[in-house]
Amino acid sequence: MTTEPLRRRLAPAVALLLLAPWTAECVWGGFTLTGMPFVVLVLAPMYGGAALLIRETARRLGLGWPGIVLLAAAFGVVQAGLVDQSLFNPDYLDDTQFADTRSAAEATLVPGLGFSARQAVDYVGNHVALTVCAAIALVESYLGAGRRSRPWLGRPGLAVVALLWLGGSLLVFADDGGRKGFLASPGQLAFAAGVALALVAAALRRRGGRTAVGTSAAPRPVWAAAAVLVAYVGAGLVPGWAGVGVALVLGAVTAVLLARWSRRTGWGPAHVLAAGSASVLAAAAFAYGVPTYSPSSPAADLAGDVAISVLVALLVGGAWWRVSGRAARDRRRAAGRADHPASPPA
């Protein structure tokens, strides 16, 4: 086992710790430019800690991206159902510029459990796509193959991150601006906990499993991006219960497509980056038409949206440059080996 300097080992972990809250709450236009640093620092323990724990667990146990998706969904349920309890609080957005979404949410109330299926899909889906998967895919794309596929933290580091996540979650739960004084019923809390545990169990069932590589070639990375983009954009186009059904079908179809394509020859880091960055690019584009949580001036809104576009372009562009550069070097090495084959033994 090679020993790397502490700074080199911790750099990607710190990057994910800070990137996850930004992709979770800022990339879609929820905050102005001046508010973003505060949001990132305050929410890094909860959002970044969760993304880092999910990534480290998946890499240590060999769960792959399906395992990451399932664990991300479990985190989304815990976050919205147990921590800030926005899933069960009908007044949660009333003091924001999203108060007008309440009627649409109430149109898909689940009888007996008191939560909106529309909001459940949106909250959990955004945590899967933006908070966890996009952040992990972007950070890992800057790394070489060895560092991308192995854990970054030892057991002490994992313990610190777990405490960060727990502390950040408790802070949001206790803060008036986090849970907003609402407390879900025991039945609602039990339901959320049960769903989260079921998702974790489903993820862990992949432990030790190996995926066979098919003989057909994987599609170009643009098709992986297109599949995620269609699911991300299409999930919010249809209102009511029909829209919930459309969102679930699109999510399921996209998951099946990506899982099948990832078993084919030629699937690699470029495909992962394409799939992971598609939702971030879409969210950044939509930011120009989305209000911030709190009222702000048109100039502040525009400055924030432009800053988001620039940051996303730099993040995604830099990741593509790293991935394409490594791919080009691998092709040159392969060509060199073909031109200069090893001499046969005497």
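Tyrosine 47 is buried, and phenylalanine 75 is buried as well. I start with these two residues in what is a predicted model. Their rings form an edge-to-face aromatic pair, 6.2 Å centre to centre, with 85° between the planes. Tyrosine 47 belongs to helix H2, residues 36-61, and phenylalanine 75 to helix H3, residues 64-83, so this pair ties together parts 28 residues apart in sequence.

Next, phenylalanine 115 and phenylalanine 191. This aromatic pair is stacked, at 5.6 Å centre to centre and 25° between the planes. Phenylalanine 115 is in strand S2, residues 115-116, while phenylalanine 191 is in helix H8, residues 186-204, so the parts being tied together are 76 residues apart in sequence. Buried or partly exposed? Phenylalanine 115 counts as buried because its relative accessibility is 9%, under the 20% cut-off. Phenylalanine 191, at 33% relative accessible area, is partly exposed.

The count of aromatic pairs comes to 7. Ring pairs also link Trp28, Phe31, Phe98 and Tyr293 into a cluster.

Now the core. The largest nonpolar core has 76 residues, and those touching the most other members are Leu16, Trp22, Val27, Leu52, Trp152, Ile308 and Val312. Helix H5, residues 117-141, supplies the largest share of this core, 13 residues. A second, separate core has 7 residues, including Ala224, Val228, Leu258 and Trp261.

What does tryptophan 22 touch? Leaving out residues up to four places away in sequence, tryptophan 22 touches Val27, Met36, Val40, Ile308, Leu311, Val312 and Leu315.

Last, charges over rings. Arginine 55 has its charged end over the ring of tryptophan 152, 3.7 Å from the ring centre. The charged end of arginine 179 sits over the ring of phenylalanine 173, 4.1 Å from its centre.

Key
Residues are numbered from 1 along each chain as its sequence is written. This is a predicted model: local features need pLDDT of at least 70, side-chain atom pairs count only at pLDDT 80 or more; totals for chains, interfaces and linings use all residues. Side-chain values use heavy atoms; hydrogens and water are left out. A nonpolar core is a set of buried Ala, Val, Leu, Ile, Met, Phe, Trp, Tyr and Cys residues joined through side-chain atoms within 4.5 Å. Buried means under 20% relative accessible area, exposed over 50%, partly exposed in between (1.4 Å probe, protein chains only). Helices (H or I, at least four residues) and strands (E, at least two) are DSSP runs, numbered from the N terminus. Contact means heavy atoms within 4.5 Å. Rings of Phe, Tyr and Trp (its six-membered ring) pair if their centres lie within 6.5 Å; planes under 30 degrees apart count as stacked, over 60 as edge-to-face and the rest as tilted. A charge sits over a ring if NZ of Lys or CZ of Arg is within 6 Å of the ring centre and within 35 degrees of the ring normal.
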